[in-house]
Amino acid sequence: MTLRKKLDKIFGDAFAAAGLDRSFGLVQESARPDLCQFQCNGALAAAKASKANPRALAEAVLAAVDKGIVIRDLSLAGPGFINITLTDAFLADIAATARQDPRLGVPPADPRLKILVDFGGPNVAKPMHVGHLRSAIIGDSLQRLNRLLGHDVVSDVHLGDWGTQMGMLIEEVRLQDPGLPYFDPEVREAYPLESPVTLQDLEAMYPRASSRCKADPVEMEKARQATFELQNGRAGYRALWSHFCTVSKAGLKDDFGALGVEFTYWYGESDDQKNIPGMISDLKQREVAVISEGATVILLDDDGSGAPLPPLLLVKSDGAYLYGTTDLASLRRRVAEDKADRILYVADKRQSLHFRQVFLGVKKSGYLGQAVAEHIGFGTVNGPDGKPFKTRAGGVMKLGDLISMARTEAAKRMAEGGIAESLSPAEREKVAHLVGMAAVKYSDLCNPRSSDYVFDIEKFTQFEGRTGPYLLYAAVRMKSILRKALERGFGAGALLQPSDFERPLFLKIAALPDALERAGRDSMPNLVCDYAFELAGAFSTFYQNCNILREEDPARRGSWLALTGLTLQALECSLGVLGLETPESM
RNA sequence: GGUCCCGUAGCUCAGCUGGAUAGAGCAUCAGAUUUCUAAUCUGACGGUCGGGCGUUCGAGUCGCCCCGGGGCCA
């Protein structure tokens, strides 16, 4: 049981003993650390509900609390706050238990769920830009977090590989080289194994094709026709499309690899197409889907929550499927075949209406069963002007450029400070990469995900204060101490009860399981960012005030080394959830 | 037109079921290093929480109206 749950139970019991609902016994971290460590405001809420005197209720609760070995001080303050301070013996006991536990006190998930994370992936043929950063980094953090909590997690990049842009590209290739066999209806097989286009070609072709189609309705119609034929199985187009996908995936794997992001599946929209016709006829047969103005739709106006939603369009009057159709089919497959209990769609919050429609539609279809689908929406990445981010030259900043920029800044900082000079150039480069990635990921994750986001390269390459590099630095100092202790033959010993400088650190270590559980429940990696920063800060204060290696009392030194080792584990655990890797030195 | 989100310190942002003195980081200023990595630590300065009315013992948080910015749908 986590610390907070333990306290909730103690106070829930006390409220129950005082004749009140035990749900009032929720305990939170103190807003006044100068007065106490935790507080319970339940007496105020209970008083409101029953129109009683809050102080009198709090008195009754106080009298009923079983302090045991857990609570040192209990007091009534203000209008009815209950202030709580734990015994040092109990804090030391929690830390000692965590030290013996590879999971650091994080209870295994119960029930253990099958969780599927959909990254709402990038489109084939388009390079990843800073806008794709969030889905990659947030989604990766969620898959790491849920795995750590003990769930069975799989992830799917879910590429955009089936839209009109594919037809545009086919036509673009035809313009450049109409003699290729892909366009010859007589040729049915044995297409070249080598792709006619490289990644660089694709990246240049896409904007060209897109603006051509936008400018000219005739060109757009050609692209639509090509898309239609592709989707209906024209062999030459399928072969060409397959090259586009292969070439794109190789590029995407480089970018995701640099970010340290991995997926279980590299599926795309195309993978669910074959199941759509069967799904449509099933929905029609059960009258979940109806014909409206020539289109097949699911009506959503009966959810009773205020304004009716527009219907979920499944098949347009011209026979074309839509995004929602594909999403419905993949949801159905994920529940039926993957046995997913919880499906997380990590996608820009501007798509929230779309997902509400899809989720209501799938609910009406009955495909979801007991499973839960959630849209993990995140804020838009804008430039300083509040509009979608552009480089100074007006172009889109590629993700790869951002990563190398952060790495260069880190290397520069290391050179200026004469840091890590003893390392080989290759090792220095590795460290610079880790530091740069830490800066980028932490600044992306540290705000609540639904907040909008102003992209600022200065902020992304900042190394002081509340940043990824600060956290790595704290970890590196711990590692350095532990290494030196080993050299001098100093070992870690039993944890003694905390002194004033250590107590905040003990409290933070005890708070790890609650922080991770809440972050997982609400899919909020920023809570893990908060936790890691507070933990590192508590260690820094301890470090500044207690010189571990110069401590002469072996028992105290051993305890401090144990505390340092445990803090390092808790820090690396939370940094691991954020996708940050700590170097040995920096 | 319908609907949703945002407005908090000079800047970038937190603020969990309404609770005590609204918190961080950056910037500015003042300190700390013969000592475990100063990418650090300690402290100070800095806020009519966009405005108004209301509910409440208590409102940044809830309700209504207005101002300003943005998203989505039509």
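These questions and answers walk through selected features of a predicted model.

Q: What average pLDDT does chain A reach?
A: This is a predicted model, so confidence comes first. In chain A, 97% of the residues score at least 70. The model scores ipTM 0.96 and pTM 0.95. The average pLDDT of chain A is 92.

Q: Which residues of helix α3 are buried, and how wide an arc do they cover around the axis?
A: Helix α3 spans residues 54-64, and its buried residues are L57, A58, V61 and L62. They lie on the same side of α3, because the arc they cover around the axis is only 140°.

Q: Against which elements do the buried residues of α3 pack?
A: The buried residues in question are L57, A58, V61 and L62. Their packing partners include two helices, α1 (3-17) and α2 (42-50). The others are the strands β3 (71-77) and β4 (81-86). In short: α1, α2, β3 and β4.

Q: Which residue caps the N-terminal end of α3?
A: Look for a side-chain oxygen that lies 2.9 Å from the backbone nitrogen of R55. That oxygen belongs to N53.

Q: How many salt bridges does a search of the whole structure find?
A: A pair counts when a Lys or Arg side-chain nitrogen lies within 4 Å of an Asp or Glu carboxyl oxygen. K9 and D13 form one such pair. The search of the whole structure finds 36.

Q: What separates K9 and D13 along helix α1?
A: K9 and D13 form a salt bridge, with the closest N and O atoms 3.0 Å apart. K9 is partly exposed at 41% relative accessibility, and D13 is partly exposed at 33%. The two are four residues apart in α1, so the separation is about one helical turn.

Q: Are R212 and E219 buried or exposed?
A: R212 and E219 form a salt bridge, their closest N and O atoms being 2.9 Å apart. Buried means under 20% relative accessible area. Both R212 and E219 are buried.

Q: In the salt bridge between E534 and K508, which residue is buried?
A: The two side chains meet at 2.8 Å, N to O. The pair links distant parts of the chain, with E534 in helix α18 (residues 525-545) and K508 in helix α17 (residues 503-521), 26 residues apart. E534 has a relative accessible area of 38%, so E534 is partly exposed. At 13%, the buried residue is K508.

Q: Which residues do salt bridges with shared partners join into one network?
A: R212 and E219 bridge each other. Both belong to the network. Its members are E172, R208, R212, E219 and K222.

Q: Which residue of β11 stands opposite R342?
A: Strand β10 (residues 342-348) runs parallel to β11, and seven bridges join them. Strand β11 (residues 372-378) is mostly covered, with five of its seven residues buried. Opposite R342 stands V372.

Q: What is omega for the peptide bond that joins D110 and P111?
A: Most peptide bonds are trans. The bond between D110 and P111 is cis. P111 is in the loop between α4 (88-100) and β5 (114-118). Omega is about 0°.

Q: What is the phi of K339?
A: Most residues other than glycine have a negative phi. K339 is not a glycine, yet its phi is positive. K339 sits in the loop between α11 (323-336) and β10, and is exposed at 56% relative accessibility. Its phi is about 60°.

Q: Is S523 buried or exposed?
A: S523 also has a positive phi, near 50°. S523 is found in the loop between α17 and α18. Its relative accessibility is 0%, so S523 is buried.

Q: How far apart in space are A95 and L566?
A: A95 lies in helix α4 and is buried, with a relative accessible area of 1%. In sequence, A95 and L566 are 471 residues apart. In space, C-alpha to C-alpha, the distance is 7.9 Å.

Q: With which residues is A95 in contact, leaving aside its neighbours within four places in sequence?
A: Contact here means heavy atoms within 4.5 Å. One of the partners is L566, which is 471 residues away in sequence.

Technical notes. Residues numbered from 1 in each chain as written. Chains lettered and ligands numbered in written order. Predicted model: local features only at pLDDT ≥ 70, side-chain atom pairs only at ≥ 80, totals over all residues. Heavy atoms only, no water. pLDDT = per-residue confidence, 0-100. Buried < 20%, exposed > 50% of the residue type's maximum accessible area, 1.4 Å probe, protein only. Arc of directions from axis to C-beta. Polar contact = N/O pair within 3.5 Å; in protein donor to acceptor, adjacent residues only side chain to side chain. Pairing = 2+ DSSP bridges.
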